[in-house]
Amino acid sequence: MKHSSNSVRQSQLFTKTRKEAPKDEVSKNAQLLIRAGYVHKEMAGVYSYLPLGRRVLEHIEQIVREEMDAIGGQEVRMATLHPSEPWKQTGAWDSVDVVFKIVSRTEKEYTVGQSEEEIVTPIGQEYVTSYKDLPLAIYQIGQKYRDELRAKSGIMRGREFTMKDMYSFHETQEDFDKFYQVAKDAYLKVYERLGLVAKATEASGGAFTKKLSYEFMVLTDAGEDDILYCDKCPYCVNIEISTQKEGDACTRCVGGTLARATASEVGNIFDLGTKYTTDFNFTCKNREGQEVHPIMGCFGIGITRLMGVIVETFADAKGLVWPEAVAPFRVHLVELTSDSADVHSEAAEVYRELSEAGISVLWDDRDARAGEKFADSDLLGIPLRVVVSEKTLSAGKFECVHRASGRVEHKSISELLGHLTA
Ligand code: ATP
Ligand code: MG
């Protein structure tokens with residue numbers, strides 16, 4: 001029997017669900033993810049991702065990857081252990097408070113990447129000699145390390161976390177501005193594909209440029225940011241920097257009013273100007289034959305934070321609820337223990353047919369009570385539960401329960417296949 005490697009029998013899955021979350025875990029996302037066996041907590045702000053959690057992360061990463069590739073990003077994997085020298089060269093060694101500092105046994109200093117400008121700029125410098133090599137956008141999806149003071153939002157604020165970070169290089173400001181809009185649209189597409197509504201919030205450009213930057217915010221009480229957003233148009237601004245307040249008229253449209261909300265920053269994009277290309281003395285020939293410092297942009301997406309925001313947004317009293325696009329499996333096949341061997345062989349048949357059609361299935365083939373299986377199924381949050389029991393066997397149709405809405409349908413295997421492959 002050939003099964004898609006994407007499907008898994010629950011009896012073979014080494015993780016188990018648990019009734020209680022650890023006492024010190026206050027955030028809903030980490031509580032549910034730990035109880036359901038998606039993540040394992042190592043210490044405050046550091047989690048391991050177990051099979052179910054890894055699958056969700058990979059689905060998020062793949063969506064991000066597709067949208068970055070679509071705008072011309074070239075994927076790399078940069079070093080995470082960094083020499084201290086480039087960090088001293090840019091001043092970040094002393095000025096950025098979240099930089100971890102490591103001393104080796106030979107008293108050499110290192111850091112671990114909290115961002116990668118110090119690595120990517122010399123890489124760009126090595127290969128870019130003229131405007132013909134530009135624009136260039138390099139990105140990676142990988143681990144970041146930050147000495148964060150607060151780590152109380154579960155996987156939403158880690159000391160180790162996964163980020164997609166892209167860095168772009170441009171000959172002119174006009175070219176940067178053009179790419180910036182393209183990247184902004186790609187970001188909005190990413191969040192939409194993940195089932196989230198993100199607002200592009202205007203924020204100050206930070207230390208290196210007076211230019212506007214965008215923070216992408218998803219409204220959730222679990223977030224750490226307060227924003228004002230227009231109830232009529234896409235305008236949105238971070239309260240921290242704004243002179244406006246709740247109830248003010250929107251300055252971008254007619255008739256809109258600013259509302260206040262708590263949100264989580266799931267990405268940001270900004271203009272780095274020539275800060276890093278100047279620090280590393282990185283120049284290239286422009287169209288007029290002059291040596292110029294390329295303009296750089298930096299574009300981050302918090303991959304693990306997004307997973308936390310998705311949990312916070314969709315979970316209900318019974319447990320996790322995954323949107324289709326990121327769910328670890330599309331179908332949770334729940335076989336109810338029975339004296340009749342037919343139930344098991346029927347479940348095996350459904351597992352085989354769905355898997356062969358390319359649909360990922362988690363098959364609960366464990367010997368456990370129905371109540372326990374349903375409670376676990378709710379906690380795991382897989383979008384569609386398909387129940388095989390003596391009852392469904394005699395009816396010739398399986399009970400299909402949609403996790404998000406609770407809607408119940410009865411479908412034959414061919415109807416089910418039709419629905420899932422449509
Ligand atoms: P924040 O204001 O939340 O600390 P930041 O401004 O430090 O974020 P960046 O350095 O630009 O963020 O990182 C890019 C993205 O990485 C952020 O938009 C966020 O989604 C994510 N991110 C930043 N810090 C963390 C963290 N400690 N844990 C998880 N994700 C993070
Ligand atoms: Mg930060």
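Predicted model: local features only at pLDDT ≥ 70, side-chain atom pairs only at ≥ 80, totals over all residues.
**Ground rules.** I number residues from 1 along each chain as its sequence is written, letter chains from A and number ligands from 1 in the order in which they are written. Local features need pLDDT of at least 70, side-chain atom pairs count only at pLDDT 80 or more, and totals for chains, interfaces and linings use all residues, while side-chain values use heavy atoms, with hydrogens and water left out.

**Domains.** I looked up the domain assignment first. It gives domain 1 (8-314) and domain 2 (331-421); such bounds come from an automatic or database assignment. Their C-alpha centres lie 38 Å apart. I counted 12 residues from domain 1 and 13 residues from domain 2 in the contact, where contact means heavy atoms within 4.5 Å.

**Interface.** I then looked up the buried area, which is the accessible area (1.4 Å probe) that two parts lose on being put together, summed over both. The two domains bury about 1100 Å² between them, with 54% of it on carbon and sulfur atoms. On the domain 1 side, Val8, Arg9 and Gln10 supply 51% of the area buried against domain 2, more than any other three residues. I found 1 salt bridge across this interface; the rule asks for a side-chain nitrogen of Lys or Arg within 4 Å of a carboxyl oxygen of Asp or Glu. I also noted a salt bridge between Arg9 and Asp365, with the closest N and O atoms 2.9 Å apart.

**Cores.** A nonpolar core is a set of buried Ala, Val, Leu, Ile, Met, Phe, Trp, Tyr and Cys residues joined through side-chain atoms within 4.5 Å. Buried means under 20% relative accessible area, exposed over 50%, partly exposed in between (1.4 Å probe, protein chains only). The largest core has 59 residues, and Tyr38, Ile60 and Trp322 have the most contacts inside it. Helix H6 (residues 173-193) gives the largest share, 8 residues. I checked Trp322: leaving out residues up to four places away in sequence, its contacts include Leu33, Tyr38, Met307, Leu380 and Pro383. A second, separate core has 19 residues, among them Leu354 and Cys400.

**Sheet.** Helices (H or I, at least four residues) and strands (E, at least two) are DSSP runs, numbered from the N terminus. Two strands pair if DSSP finds at least two bridges between them. I traced an open antiparallel sheet of 3 strands, ordered E5-E7-E6. E5 (81-83) and E6 (102-103) each have a single partner strand, so one side of each lacks a neighbour in the sheet. E6 pairs with E7 (residues 109-112) over 2 bridges. Val103 stands opposite Glu109 in E7.
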